[in-house]
Amino acid sequence: MNSFIKSFLVGAILCSAAFSVTSSPARAEIFFVEDQDDRFSVSFPDLWKKVSNQKPDDKLTIIAPGVNDHAGCRVRVRGDRRFVIFPDKFNDDIQKVEFSREFWDDYLGEYNDIEVEFFKDEAGLGFGHASMIDASYETTGGPIVRKRGIMFASLYHDQLYVVECSSEESLHSKWRGSFLGVIKSVDFGKVTHENKSGHYRPFMGDGPVEVQGPKSNDIYKF
């Protein structure tokens, strides 16, 4: 198994008042999954379940309950080192040039009868700048289903992350809140630091250091 994925169940903390006689604790549980190889984590409701991935770049596929809802999400990861040489200040521009509407036109090419409901640059996913799209389409593999999905794409350091959540088209409003919750929970393992000097003080702006030599006129600046 190439990816080490660890899962554990996170339960809600149950509290009761000191003088309470009766209590009816409500539990809201989620699964937390972390893929250490591909450096991402995601949470989803405990009634959902993991299933086998279908595409080579699929790293996590989860489905919601309801046979005919065809609801679920997947996380896809693709290596992309083209932009690692650029400072982080250019990440926003890189997203708008390389991972914008043209990217989605190509990405959705694996489906049929595509209708784009909404598109947006300057979205966010994990630590990365992202674009997102809301589209309806017809699947090409397995059972042919008319679906509607919401998708985010973000390049972080040397990897492109795509999170795609979809359901049968007429049931999209039923699942949209859950989809957004899953997408919002996606986080990346931190690789780059937002400050060039890391956690050190911002010494890059310091003036030159003067070193006095053995003679009074021997002053060296670094």
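Here are some questions and answers about this predicted model.

Reader: What share of the contacts with a separation of 6 or more joins residues 24 or more positions apart?
Author: Contact here means heavy atoms within 4.5 Å. Among contacts in the protein chain with a separation of 6 or more, the part that comes from residues 24 or more positions apart is 51%.

Reader: And the surface, how much of the accessible area belongs to carbon and sulfur atoms?
Author: The protein chain has an accessible surface of about 13,800 Å². Carbon and sulfur atoms make up 53%.

Reader: Which element gives the most to the largest nonpolar core?
Author: That core has 28 residues, and F40, W48, L125 and F179 have the most contacts inside it. Elements that give two or more residues to it include β3 (40-45), β7 (112-125), β10 and α3 (172-185). With four residues, the top giver is α3.

Reader: What does F40 touch, leaving out residues up to four places away in sequence?
Author: F40 is one of the residues with the most contacts inside the largest core. Leaving out those sequence neighbours, F40 touches V33, E34, D35, K59, L60, V75, V77, Y161, D187, F188 and G189.

Reader: Which cysteines form a disulfide?
Author: The count comes to one disulfide. It links distant parts of the chain, 92 residues apart, with one partner in strand β6 and the other in strand β10. The sulfur atoms sit 2.0 Å apart, and the residues are C73 and C165.

Reader: Is that disulfide right-handed or left-handed?
Author: Both partners are buried, C73 at 4% relative accessibility and C165 at 0%. The torsion about the S-S bond of C73 and C165 is about 115°, so the disulfide is right-handed.

Reader: Staying in β10, is S167 buried or exposed?
Author: S167 is found in strand β10. Beyond residues up to four places away in sequence, S167 touches D69, H70, A71, R146, K147, R148, H172, W175 and F179. Buried means under 20% relative accessible area. S167 has a relative accessible area of 0%, so S167 is buried.

Reader: Which side chain of opposite charge is nearest to E168?
Author: E168 lies in strand β10, residues 159-168. Its contacts, not counting residues up to four places away in sequence, are N68, D69, H70, V145, R146 and K147. A salt bridge needs a side-chain nitrogen within 4 Å of a carboxyl oxygen. E168 is buried yet has no salt bridge, and the nearest side chain of opposite charge, 8.0 Å away, is R146.

Reader: What about P208, is it buried or exposed?
Author: P208 sits in the loop between β11 (187-188) and β12 (210-212). Exposed means over 50% relative accessible area. The relative accessible area of P208 is 60%, so P208 is exposed.

Reader: What distance separates the C-alpha atoms of P208 and K221?
Author: P208 and K221 are 13 residues apart along the chain. Their C-alpha atoms are separated by 5.9 Å.

Technical notes. Residues are numbered from 1 along each chain as its sequence is written. This is a predicted model: local features need pLDDT of at least 70, side-chain atom pairs count only at pLDDT 80 or more; totals for chains, interfaces and linings use all residues. Side-chain values use heavy atoms; hydrogens and water are left out. Buried means under 20% relative accessible area, exposed over 50%, partly exposed in between (1.4 Å probe, protein chains only). Lys and Arg count as positive and Asp and Glu as negative; His and the chain ends are not counted. A nonpolar core is a set of buried Ala, Val, Leu, Ile, Met, Phe, Trp, Tyr and Cys residues joined through side-chain atoms within 4.5 Å. Accessible areas come from the Shrake-Rupley method with a 1.4 Å probe; for residues, only the protein chains shown count as cover. A disulfide is a pair of cysteine sulfur atoms within 2.5 Å.
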